[in-house]
Amino acid sequence: MNRNDYLKNIPKVDRILKEHSIQALCDAFGRGLVTEAVRYELANLRSLICAGKEEEIDRALRDFMIELPEKIREFSAFSLRKVVNATGIILHTNLGRAPLGKVQMDAVMQVMAGYSNLEYDLSTGTRGKRTEHCSSWITRVVGCEHAAVVNNNAAAVTLMLSALSKDKEVIVSRGELIEIGGKFRIPDVMKQSGACLREVGTTNRTRISDYEKAITENTGAIMKVHTSNYKIMGFTEEASVEELAELGARYHLPVIVDLGSGVLINLEKFGLTHEPTVQEMLKKGADLVCFSGDKLLGGPQAGIIAGKRKYIEKMENHPLMRTFRPDKCTIAALAATFREYLEEDRAIKNIPVLSMLSRSPYELKEQAETLSSLLQHGNFPACLSVEESITRMGGGSLPGEELPGYAVTISPISMSCEKMAAKMRKMPTPVVAHIKDNLIWMEMRTIPENEVAQLSQDLIRFFA
């Protein structure tokens, strides 16, 4: 059969839409969307006929109507969707970093369901400020005069520098000129803010005297950047926040600390090394501390600035504030997050990031054994085993830190690990795991205990 004859055998859109299975999809997704999906698949079929091999074309025409309903469902699905994070990386940047818990989501749902007093003062009946809904909780938790919220920490740094040091020099140690994910670098952020970078010291050693020698009439601020995504070890020296605060006070210069990943509790209780908290930086004399909401803090994506009111009010009145301001959902989730931190035990229980950190190897082993047993009883097509594993924080936080854990390892019977892992990512709720030593590893630390039964059912059903 020549290609023109193949093209004549392509079904018409109107006839396809009259099929019972397609009409049911029209009821579910809408006729317009289904029609667009059908036309998309027909265009793919025409392209195959024009360029493909005869056996491929025969198969495509034969199975077109059989496969079409599933392809319409895939076309109609949102590309952004829930996944099961079986990688063990708690703050997996590609998987959305910190997941939100029930308390946080309840707060979001309340303001999403209808109107809210986002910028309305109910006591006076006049316009209010949106960030006041969460700034009061932030100040209570970290013990500062005032706080502001923007949409991420890079925005927080840009706003601080632009509001306080535009066209002036900001002194930073050479050992702290970090690059975060997505190739965003401190020098680039500083340039966009309108401030001028003044590097001091060396990569591994910067003394307080280096900062003082760099101060001129054109100095706008002193900035310390916490190297949260790497470590410099060996022959090193750095100026402390206390030293910088004393120097800043002497020369009437604001001292800014960019913590990157915001920590509010002592992580040593989880078996991790000490990470400086926001409260510590403020007590040591920093005028302003900025940090992320969606990393170790365990909240939504946000940039938080905490510190002295006189500096933060300048930022609130700066034109960039409107550019960087967060939406109502972020504000609601962030307020709920900080409210939990008023009681540390509640925060560990209700904020998923902290809850995952607190899980013991014993708990993880029990969960792995439960999942393995459920899969085995469901005749999952693989050899299963429970193995000790090592997981990491991720998200540019706690470099080099490892957490002991347990995983269910999968050795597929009738396919390669790569093929099974790819199929797992195509499940209705995709499962993202990792491959090591020719095994698929499903790490327990990032799989909630209450989702294990459903996960096993989904895997068994999908691979039946």
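Biologist: Which residue forms a salt bridge with Glu344, and how far apart are the closest N and O atoms?

Modeller: Lys269 does, with the closest N and O atoms 2.0 Å apart. Bear in mind that this is a predicted model.

Biologist: What makes that contact a salt bridge?

Modeller: The cut-off is a Lys or Arg side-chain nitrogen within 4 Å of an Asp or Glu carboxyl oxygen. Glu344 and Lys269 come to 2.0 Å, so the pair qualifies.

Biologist: Where in the chain do Glu344 and Lys269 lie?

Modeller: Glu344 is in helix α16 (residues 344-350), and Lys269 is in the loop between β10 and α12 (278-283). They are 75 residues apart, so the pair links distant parts of the chain.

Biologist: Why are Glu344 and Lys269 called partly exposed?

Modeller: Partly exposed lies between the buried limit, under 20%, and the exposed limit, over 50%. Glu344 has 32% relative accessibility and Lys269 has 47%. Each therefore counts as partly exposed.

Biologist: What makes Arg174 and Glu199 a salt bridge?

Modeller: Their side chains meet at 3.1 Å, N to O. The limit is 4 Å, so the pair counts. Arg174 sits in the loop between β5 and β6 (179-180), Glu199 in strand β8, 25 residues apart.

Biologist: Why are Arg174 and Glu199 not called buried?

Modeller: Buried needs under 20% relative accessible area. Arg174 has 39% and Glu199 has 34%, so each is partly exposed.

Biologist: Is the pair of Lys224 and Glu176 buried or exposed?

Modeller: Lys224 is buried, and Glu176 is too. Their closest N and O atoms are 2.9 Å apart, in a salt bridge. Lys224 lies in strand β9 and Glu176 in the loop between β5 and β6, 48 residues apart.

Biologist: How many salt bridges does the structure hold?

Modeller: It holds 27. One network of salt bridges links Glu41, Arg59, Arg62, Asp63, Glu67 and Lys71.

Biologist: How do you know that the buried residues of α4 are on the same side?

Modeller: The buried residues are Val34, Thr35, Ala37, Val38, Glu41, Leu42, Leu45 and Ile49. They cover an arc of only 160° around the axis, so they are on the same side of α4. On the other side, Gly32, Arg39, Cys50 and Ala51 are exposed.

Biologist: What covers the buried residues of α4?

Modeller: The cover includes α1 (3-8), α2 (13-17), α3 (20-29) and α5 (54-76).

Biologist: How does the span of α4 compare with what is expected?

Modeller: Helix α4 (residues 31-51) has 21 residues and reaches 30 Å from its first C-alpha to its last. That is close to the 30 Å expected at 1.5 Å a residue.

Biologist: What makes β4 and β8 edge strands?

Modeller: The open sheet has seven strands in the order β4-β12-β11-β10-β9-β5-β8, with mixed pairing. Strands β4 (146-150) and β8 (196-200) each pair on one side only. The twist averages 25° from one strand to the next.

Biologist: How do you know that β10 and β11 pair?

Modeller: Pairing needs at least two bridges. Strands β10 (residues 255-261) and β11 (residues 288-292) have five, in the parallel sense. They therefore count as paired. In β11, Cys290 is the bridge partner of Asp258.

Methods. Residues numbered from 1 in each chain as written. Predicted model: local features only at pLDDT ≥ 70, side-chain atom pairs only at ≥ 80, totals over all residues. Heavy atoms only, no water. Helix = DSSP H or I, 4+ residues; strand = E, 2+ residues; numbered from the N terminus. Axes fitted to C-alpha atoms, helices over the stretch in contact; angles between N-to-C directions. Buried < 20%, exposed > 50% of the residue type's maximum accessible area, 1.4 Å probe, protein only. Expected span 1.5 Å × (residues − 1). Arc of directions from axis to C-beta. Contact = heavy atoms within 4.5 Å.
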